[in-house]
Amino acid sequence: MGTSVQVTPLSGVFNENPLSYLVSIDGFNFLIDCGWNDHFDPSLLQPLSKVASTIDAVLLSHPDTLHLGALPYAMKQLGLSAPVFSTEPVYRLGLLTMYDQYLSRRQVSEFDLFTLDDIDSAFQSVTRLTYSQNYHLSGEGIVVAPHVAGHLLGGTVWKITKDGEDVIYAVDYNRRKEKHLNGTVLESFVRPAVLITDAYNALHNQPPRQQREMFQDAISKTLRAGGNVLLPVDSAGRVLELLLILEDYWAEHSLNYPIYFLTYVSSSTIDYVKSFLEWMGDSITKSFETSRDNAFLLKHVTLLINKSELDNAPDGPKLVLASMASLEAGFSHDIFVEWASDVKNLVLFTERGQFGTLARMLQADPPPKAVKVTMSRRVPLVGEELIAYEEEQTRLKKEEALKASLVKEEESKASLGPDNNLSGDPMVIDANNANASADVVEPHGGRYRDILIDGFVPPSTSVAPMFPFYENNSEWDDFGEVINPDDYIIKDEDMDQAAMHIGGDDGKLDEGSASLILDAKPSKVVSNELTVQVKCLLIFIDYEGRADGRSIKTILSHVAPLKLVLVHGSAEATEHLKQHCLKHVCPHVYTPQIEETIDVTSDLCAYKVQLSEKLMSNVLFKKLGDYEIAWVDAEVGKTENGMLSLLPISTPAPPHKSVLVGDLKMADLKPFLSSKGIQVEFAGGALRCGEYVTIRKVGPAGQKGGGSGTQQIVIEGPLCEDYYKIRAYLYSQFYLL
C-alpha cells in the first residue's frame, strides 16, 4: 500500500467559514490552517477542540484571520501545543493582524477570548521557512515545503512528501501576476497523490479589465465631487496591493487628495513590508536591484494609528483605507457610521464580506436603505464606579498575596523535610524545623502577619512559627554565584514587541491602545444602538486576488492529481467544481463534511527495500543535476530480520529498452544548440537545425503532465556529419539508461 492519508475538515466545507483541516499522514497529524472569522464565535472551534491535543504540527498558509485567527485561542484554551510552520511574512503579518483584531475589539467590548500575551505566546512557537525550503520532520520521514500561492504576501501552497508521494494543500491561490506578487507555482506540480484545494471562486470569473479600471475612476470621481471615499480593508493582506495601485494612480495623474491608511498597526505593517521585497514579484525585486527603489516608500499615503489623527486632518475630500474589511469592528465601522448618510461619499468594497457581517449585508443587490448598528466606545471609570473598582482590585491583590505566601511556605516545607527532632518541652521550638505554622493569620493595617500563641506546640505537619527563612541553594564557583546567561538575554520577539509599543511616530500606538496594553486606566464600554441611513454610494469591485473559476479548472486539469479533495466554498460552488473534475480531471473527487474523515490513501503499491552491499558494489552512478542515478537489475530477497532486500541476479541481466531520464523541453534545447554554433530556429513546433536536421518532440496529444515514459525526442534527417554531431550534443544533456 501507499502512504496512508486521511483528511478531516474541522471548519470550512460547503460554506465560507474559516479554514481548518486535519490531515493525517501515516499517523502524523497535521493541522493545516487554524482560522476564525470576525465574529470570533467559539462554537465554530468545537471540532478543533476535540483533536487539538493530538496535533503534531501546524501549517499556516496565509496571514489573515480566516487562516490563522484561532491560533492564540487554540493554544491558550484548547490544548494545542504543536510546533507551527509558516513563511516569514505569514508570521510577521499574521502577528500584526491579530494585534489589530484584539485592539479593535478591546476598544468596543470586554473581549477576553485571548490577550496580546496569548498572541505573542502562540507566535513564538512558529518556525519560519523560505519558499521551496524542504524541512524534514525528525524521525517521521516527512518533508514539508512552502511554495508561492500568489494571493497574499508570504501566502503558501504546502507540499507534504512521504515515501515519494506528495500531498498538496492549495487554497486561495492566484494565477495572475500582480503589482507586488507573482502568480502561484501550483501548476509546476504534476500528478500528486492528493490535492486539497478550495471551490471558493468556482462560480466566479475575473471582471474584465474595463471593470477593474472602474476602481480608480469611481474614486477620482467621488473626490472631485467633494465626497470622501472609504475602503474597508484587512490589516496586512490585500491592502498592500491596493496601496501600490493608488500610489501609481496618484503619481500618474498628479492628484493632491490625501490618502490615509488607518489601522492600529499601519506603521509597523509598512515597516515590515519594506524588508520583504525578496518575497514579492519580479518587477519590485528588479526595481530595487537596479535603482534601490523600494515600492513601499509610500509618497502619497499617510499612515495613521488612531482615529483622532483622522478627525484632526484638514477638511476636504479624502480617501481612507481602514480596518476591518467586515465592518464588524475597527476604524472602518466608525467611519462608515459617520459617512454613510452623505450622498457625496463612497464606500468601495474590494472583497466579499464574510457571511453574516455588515459588509456582506451592504453588498446585497439591492443594498439596504438603512441598517442598525451598535456604536461602542471605552470610557474611563469615575466616581463610585472607580472607587468600587479600586476596592475590588485591592481585595484581589490581597488574595493573590496570601495564596503566594502559602505556596512559598509549602515549598519551604517540602525543601526542609519532616520534623524528626521535635523537643518534648512545649516551649522549646527547634529552629531547624520547618514543620510548625502560625495558628492565626489575619489582616492588620492592610498587611498580614503571624500571631504565635504562648505554649502552643506546633503539630508535625505545620510550618515553623518563625520569621520566614529560605535557604539560598544557589551554586557557587571561584568567581561567585553561578548564573544562567539565558535569563538575561532579550529575545527577538520581546524586542519586536517593544519596538511596536514605544519609540517615535513610526513605531508607537495611540494612547488608547497603550492603556489597553498596559491596563493602566480603569475603564468600561458604553454602547448604544443606532439606525444609519445609507445614502452614500456602495460599490463592489473584485480585488480579492484569487484565481477565478476558469483558471481553477485549467490549473486542476494540468496538475491532474490522483485524488482530489474539495473544501471551502458554497455548496453550489463545491458541487459544480466536483462534477467538472469528475469529467475532466480525475475519477476520485471527495467533498467531505465537517468532522467526516475520508481515506485518500494512494492506490499505488510502495515497498521499502534494503540495497545489499554486493549489489551496490557493482552499480555505476552518473550525476544528473542534483542527483546520481543508475540502472539496477536485481532479485528481491529478504534479510535476516525479514526486511525486503535487493540482491545481485544469479543469471545474466536481460536487455532493456533505452530510458531517457530528464525533462524534455524544446525551449531549453534551442539556446543550448545555438551555443554550440548550430543555427537553430522553431518551425511548425519543431527545431530546424542547420540545413538538413529537424528535432521534434512526440507523445500522446493532451497528455496531462507530460509523463517522461511516453514522450520522445525524434531526430530526423540524413545520416550526415551534422546529424551525428547534433545527436551527440543531445545525448550529453540527458542520461540514457
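Student: Is Leu611 buried, partly exposed or exposed in this model?
Tutor: Leu611 is partly exposed, because its relative accessible area is 44%. Please note that the model is a predicted one.

Student: Which strand holds Leu611?
Tutor: Leu611 sits in strand S27, which covers residues 610-611.

Student: What does Phe215 touch?
Tutor: Setting aside residues up to four places away in sequence, Phe215 touches Leu231, Leu242, Ile245, Leu246, Leu348, Thr350, Ile541 and Tyr543.

Student: What share of the protein is buried?
Tutor: Of the 737 residues in the protein, 45% are buried. The accessible surface comes to about 37700 Å², and carbon and sulfur atoms account for 51% of that surface.

Student: How many helices and strands are there?
Tutor: The protein has 20 helices and 37 strands. Among contacts with a separation of 6 or more, 72% are between residues 24 or more positions apart.

Student: Now the charged residues. How many salt bridges does a search of the whole structure find?
Tutor: The search finds 23 salt bridges. One of them joins Arg378 and Glu110, whose closest N and O atoms are 3.6 Å apart.

Student: Why does that pair tie together parts that are apart in sequence?
Tutor: Arg378 is in strand S17 (residues 370-380), while Glu110 is in the loop between helix H4 (88-106) and H5, so the pair ties together parts that are 268 residues apart in sequence.

Student: Are these two partners buried or partly exposed?
Tutor: Arg378 counts as buried, because its relative accessibility is 16%. Glu110 is partly exposed, with a relative accessible area of 47%.

Student: Which residue forms a salt bridge with Glu399?
Tutor: Arg395 does, with the closest N and O atoms 2.5 Å apart. Both Glu399 and Arg395 lie in helix H13 (residues 383-416), four residues apart, or about one turn of the helix. Glu399 is partly exposed at 34% relative accessible area, and Arg395 is partly exposed at 37%.

Student: Which residues are linked in a network of salt bridges?
Tutor: The network links Asp172, Arg352, Glu544 and Arg546. Between Glu544 and Arg546, the closest N and O atoms are 3.4 Å apart.

Student: Why is Glu544 called buried, and why does Arg546 count as buried?
Tutor: The cut-off for buried is under 20% relative accessible area. Glu544 is buried because its value is 2%, and Arg546 counts as buried because its value is 10%.

Student: What lies 2.9 Å from a polar atom of the Asp118 side chain?
Tutor: The backbone nitrogen of Thr115 lies at that distance. Leaving aside neighbours within four places in sequence, Asp118 is also in contact with Pro72 and Lys76.

Definitions and conventions
Residues numbered from 1 in each chain as written. Predicted model: local features only at pLDDT ≥ 70, side-chain atom pairs only at ≥ 80, totals over all residues. Heavy atoms only, no water. Polar contact = N/O pair within 3.5 Å; in protein donor to acceptor, adjacent residues only side chain to side chain. Contact = heavy atoms within 4.5 Å. Helix = DSSP H or I, 4+ residues; strand = E, 2+ residues; numbered from the N terminus. Buried < 20%, exposed > 50% of the residue type's maximum accessible area, 1.4 Å probe, protein only. Areas by Shrake-Rupley, 256 points an atom, 1.4 Å probe, with all protein chains shown as cover. Salt bridge = Lys/Arg side-chain N within 4 Å of Asp/Glu carboxyl O.
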